[in-house]
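Dear colleague,

Please find the structure we discussed below. My notes on it follow.

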Amino acid sequence: INPLLINGKKCDIRIFYIVVFKNEKVYFYLSNDGILKINNVIYLENSIDKKNQITNNAFHKNAHNNILISESGYYNAMMPKIIQLFKDFSNKIKKLFLNLRSKYLVEYQVCGADVIFDRDLNPYLLELNSGWPAYVKNTESINVTKLKINTKKEISKIVYNSINKIPINNQNLIELS
């Protein structure tokens, strides 16, 4: 992959992907914004140095390198492609849930999904990180913290509304299924 570079630096996107299992059916949601993580160093194409390749250090150490996609100028180009990537992914993994049974009314899993784009703006799913921190680090920017809080509120509404059979109306999540 020839990665998309921003100011000569490698970047990827952390977006929240939620799987909800209720009444033996599975539903998938995606946060309607994501965190654009920009590496701290200029990207060197042939380097195998971890600092050159991985953007995770930018997420925790340099909050000024983290911005929301909606504030980056890339939202209109990236989000439709991210949504399609996760619709396709959700359709593929949905088969894994066909015979699943649960003793709970509602179960859910939040994943921090990392997506990288190539220079032609094609998205690639790098990894799904199970869960997210239950705390907010002091180094995180206000907007990133607000994204997490809004996403958590929407997940709570999904669970509450599912249990109480209330129609779900999300402001900060996109339903994929």
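Buried, as used here, means under 20% relative accessible area; exposed is over 50%, and partly exposed lies in between (1.4 Å probe, protein chains only). By that criterion, tyrosine 17 and phenylalanine 28 are both buried.

This is a predicted model, in which local features need pLDDT of at least 70 and side-chain atom pairs count only at pLDDT 80 or more, while totals for chains, interfaces and linings use all residues. Residues are numbered from 1 along each chain as its sequence is written, and side-chain values use heavy atoms, with hydrogens and water left out.

Confidence

The average pLDDT (the predictor's confidence in each residue, from 0 to 100) is 82 for the protein, and 84% of the residues score at least 70. Helices (H or I, at least four residues) and strands (E, at least two) are DSSP runs, numbered from the N terminus. Among these elements, the highest mean pLDDT, 95, belongs to helix α3 (residues 75–93), and the lowest, 54, to helix α2 (residues 56–61).

Aromatic pairs

Rings of Phe, Tyr and Trp (its six-membered ring) pair if their centres lie within 6.5 Å; planes under 30 degrees apart count as stacked, over 60 as edge-to-face and the rest as tilted. Six aromatic pairs turn up in a search of the whole structure. In one of them, the ring centres of tyrosine 17 and phenylalanine 28 are 6.0 Å apart and the planes are at 15°, so the pair is stacked. Tyrosine 17 sits in strand β2 (residues 9–22) and phenylalanine 28 in strand β3 (residues 25–31), so the pair ties together parts that are eleven residues apart in sequence. Both belong to one aromatic cluster, formed by Tyr17, Phe21, Phe28, Phe86, Phe89 and Phe97.

Of the 14 residues of β2, 13 are buried. Two strands pair if DSSP finds at least two bridges between them. The pairings of β2 include these:

- β1 (residues 5–6): antiparallel, two bridges. Isoleucine 6 has lysine 9 as its bridge partner. The two strands form a hairpin with two residues between them, and asparagine 7 in the turn has a positive phi of about 55°.
- β3: antiparallel, six bridges. Valine 20 is bridged to tyrosine 27. This is also a hairpin with two residues between the strands; asparagine 23 in the turn has a positive phi of about 50°.
- β4 (residues 35–38): antiparallel, four bridges. Aspartate 12 is bridged to lysine 37.
- β6 (residues 106–117): antiparallel, ten bridges. Phenylalanine 21, a member of the aromatic cluster, has glutamate 107 as its bridge partner.

Regards
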